[in-house]
Amino acid sequence: MQRIPEEKIDEIRSQVDIVDVVGNYVQLKKQGRNYTGLCPFHGEKTPSFSVSPEKQIFHCFGCGKGGNVFSFLMQIDGLSFVESVKKVADLAHIPLDVAISQGDSAPGNKPDSQESKMIEIHQLASKLYHYLLMETEEGQEALQYLLDRGMSEQELDHFEIGFAPAHASTITTFLKKREVDLALAVESGLLTERDDGEVVDRFRNRIMFPIKNDRGQLVGFSGRLFNQEDGPKYLNSPETPIFNKRNILYHFSDARQEIRKKEEILLLEGYMDVISSVSATFSNGVASMGTSLTEEHVQMIRRVTNRAIICYDGDRAGIEASFKAGTMLAEQHRLEVFVLQLPNGKDPDDFIRSEGAEKFAEIYTHQRLTWTAFKLQFFKRNRNLQNETDKIAYLGEALAEIGKLDQAVERELYLKQLGSEFDLSMEALKQQLQQTVVVKPKPHDYGGPPPESYGEYPSYEGDGGGPVYEQFSFAQPSGVPSAGLTSEKRLLKYMLEDRDAFIQIRNLLEEHQTDFYHDNYKALYTHLIGFYASGNDANPLALMDQLKDDMARNLVSELEMMTVNTDVSIEEYQDYVQSLMKSSIERDIKEKEQALLTATQQGDMPAALELARTITTMRATMKNTPN
């Protein structure tokens, strides 16, 4: 078996724009020469994640993660190096005409994990469930039920809907014949173990909806009853190493591209709602796994869009769920939120099947309620507006909401609506509003510090106004880097990007008998020595592929994001090296001063005198070192 040749890796890397790849996972906004967004590797409200199309790297100034297109996929999808190269090759439509084995020694390669085996087991089961629904007499009743509900065979194929027979061992027997580890299948949630130790199918006599995670991997099922009342209507896979409903949105991986295209996500309650919305050409629809929207769900949404359209069931529970979800999205995370309320309290699936896709599109496009308009309607619930007490209480709530609006035109619009509805003058409403309004912090106060200039890094300015997501300012780095640290960064930056600069700087370091102080910088310097000794030209992207240490890879991406003077002389290198020398002497002086204090306290005067003389000599040396 062959490894992927370096030339092939370079070709694959050069044929794909990292912005396009990262853009499938993160909502990116053009900001100067780079693209910025919310980091997919840690929770944040103010974007600190940057992608450089010029350098073809990414770096997060918040958590420090960085790398090239391969390392991005390795970290976000949990792939090996070889798997990430194969994925990028597929995106670039480049054939890999070499044999690749799991034993390939390429950097970052790793054997199949237990999680990946669980996913494979679910894929096997899904194929069998779908076959049983579509091709067998046993699945005929379930198939007819779905067809009667208006689903087409094309939809059933697209969403890979299946059927689990009533037998206790359909999947168990199927997996046994394929010599699958049944204990692993139990751990994955597909099978269950009875008290007597017998292993049986978890899902029986149910219509099966396969559930994928945000990477498109099949990690669980939801089984729906259709011809009996015994048991819960929906039975989900239990929580397992690969399935946690708190961080899974049904159809999210398939909807991601359409969400980006429409620049908004359609939040629905059920699987059938999602399937119907896709049939109505709204492929940006997703649904939570029978649970309320979670913080994990919101972080997933924020990575791809900052606008959400909520279309839950029209009953009491659905309206209250809409209010809860909208509050989380709009007020806690400052997304732009709209709400669709379908006529007669219908759910989206029933409405689309009965009224048609065009009618749904009309409501979606032209009858969506702003978050404020929905809240004003919501506050009327359970109030008797003919009663003066209820009316005054409602007006108080309504004015408090209107007072939160940033735009004067919006406030005027809703005030006029209130005045017309309750026959009140604008003067009275505005006077009351002034007593109600609370001074709000500026947008940057919600997510981090205001835009600043960040030393060696480019200054990123927000575009003013709008939600926090649109601010796109990087968090201020903690502390001010010392002169020595700045010199280390700049020297490594020059050595990364120019082989001749590497040779000149290395000679200066050896001539002055000094070295990098910080361990991760010293380690990267060592990697560079080996990289250039192997005959490589300057190529930070290729170097990243050879670095097995994430910290070293992150440091390369950080250095590559730095903006430095490209027209640099050997005299400037000399200045930076001398700065390293002075920093080293300063550290030694501090150590000696501490030792002097200890010796003095212990009454060891000979040692104290010797240390004092040494400190004086070192200070003279530092003073004579050119700036």
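The following dialogue examines how several descriptions of this predicted model follow from their definitions.

Mentor: In this predicted model, local features need pLDDT of at least 70 and side-chain atom pairs count only at pLDDT 80 or more, while totals for chains, interfaces and linings use all residues. Residues are numbered from 1 along each chain as its sequence is written, and side-chain values use heavy atoms, with hydrogens and water left out.

Trainee: Why are α26 and α27 called roughly antiparallel?

Mentor: Helix α26 (residues 570-601) and helix α27 (residues 605-624) pack at about 160 degrees, with axes 9 Å apart. Axes are lines fitted to C-alpha atoms, for helices over the stretch in contact, and angles run from 0 to 180 degrees between N-to-C directions. Angles under 35 degrees count as roughly parallel, over 145 as roughly antiparallel, 65 to 115 as roughly perpendicular and the rest as oblique. The pair is therefore roughly antiparallel.

Trainee: What is the handedness of the crossing of α26 and α27?

Mentor: The crossing is left-handed; that term applies if the near helix is turned anticlockwise from the far one by less than a right angle, and right-handed applies if clockwise.

Trainee: Which residues of α26 and α27 meet?

Mentor: Contact means heavy atoms within 4.5 Å. Among those meeting are I585, I589 and L596 in α26, and L611, I615 and M618 in α27. By class, this contact has 12 nonpolar, three polar and six charged residues. Here Ala, Val, Leu, Ile, Met, Phe, Trp, Tyr, Cys and Pro count as nonpolar, Asp, Glu, Lys and Arg as charged, and the others, Gly among them, as polar.

Trainee: How do you know that the span of helix α25 agrees with its number of residues?

Mentor: The expected span is 1.5 Å times one less than the number of residues. The 12 residues of α25 (residues 550-561) should therefore span 16 Å, and the end C-alpha atoms are 17 Å apart, which agrees.

Trainee: What makes α25 mostly covered?

Mentor: Of its 12 residues, 10 are buried, including L555, V556 and L559. Buried means under 20% relative accessible area, exposed over 50%, and partly exposed in between (1.4 Å probe, protein chains only).

Trainee: Why is D550 called partly exposed?

Mentor: D550, found in helix α25, has a relative accessible area of 38% and is therefore partly exposed. The C-alpha atoms of D550 and G67, 483 residues apart along the chain, are separated by 8.7 Å.

Trainee: What is the accessibility of K430?

Mentor: K430, in helix α19 (residues 426-436), has a value of 37% and is therefore partly exposed. Leaving aside neighbours within four places in sequence, K430 is in contact with E412 and L415.

Technical notes
Helices (H or I, at least four residues) and strands (E, at least two) are DSSP runs, numbered from the N terminus.
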